[in-house]
Amino acid sequence: MRLDKFLSQQLEISRAIAAREIRAKRVTIDGEIVRDTSFKLEPEHQVEYDGNPLQQQFGPRYFMLNKPEGYVCSTDDPDHPTVLYFLEEPTAYKLHAAGRLDIDTTGLVLMTDDGQWSHRITSPRHHCEKTYLVTLELPLADDTAQQFADGVQLHNEKNLTRPATLEVIGEHQVRLTISEGRYHQVKRMFAAVGNRVVALHRERIGEIALDDDLEPGEYRALTAEEIASVVIPM
């Protein structure tokens, strides 16, 4: 990658301004000042701007984030803070959520800049499972698990929901696994059977489970095994 393009991406400035900074002797490579804006960076090069190291990126990135309440999963929102606030990564604005959560829903969010990988998670035809810890306003009715296994009719929807698995934890708390991602689906499913969700926390997407060590707002890179668990058809 050209040095001016790299600096532009890292500092989120225009290529013209990046070129000006390079010519002003503010950029070093392996400790040596470089003024050539077209200098071709190699993976082993150590780049610094005003003495601050800049990290080169090679290949797509994958992270899991424990999303707190009050943040949206879009990358830009004029009214609410976004999950990008928590990602201390170069060019974090290029990352997107592979499966969004509502502003009041907490838990696992996968962030990546690999569009094909995230499509495998979010595309309805792939039926990627998601598991949620659900807290309910009313005690769980005895027939709810069977209703969800059979499929329920959501308001303004033509088709029943796909079979879902309900694990009872307590009178007001369940663990629900669904394999589709309709708009506000979990909340609407419980509304369809006469109950109301008061708290919702996503624990798992596919084979990727939220790391118990991550506090709300914390994140980490996915392991190679976690990334590979999302199979992309050839």
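## Reading the strands

Two strands pair if DSSP finds at least two bridges between them. Strands here are DSSP runs of E with at least two residues, helices are runs of H or I with at least four, and both are numbered from the N terminus.

This is a predicted model, in which local features need pLDDT of at least 70 and side-chain atom pairs count only at pLDDT 80 or more, while totals for chains, interfaces and linings use all residues. Residues are numbered from 1 along each chain as its sequence is written, and side-chain values use heavy atoms, with hydrogens and water left out.

Let's start with β8, which spans residues 130–136. Of its 7 residues, 6 are buried (under 20% relative accessible area, with a 1.4 Å probe and protein chains only).

Strand β8 pairs antiparallel with β10 (residues 173–178) through 6 bridges. It also runs antiparallel to β11 (residues 197–205), joined by 7 bridges. Look at Leu133 to see both pairings: its bridge partner in β10 is Arg175, and in β11 it stands opposite His201.

Now for a backbone detail. Most residues other than glycine have a negative phi.

Asp30 is not a glycine, yet its phi is positive, at about 55 degrees. You can find Asp30 in the loop between β1 (27–29) and β2 (32–33).

Asn156 counts as exposed (over 50%) because its relative accessibility is 70%.
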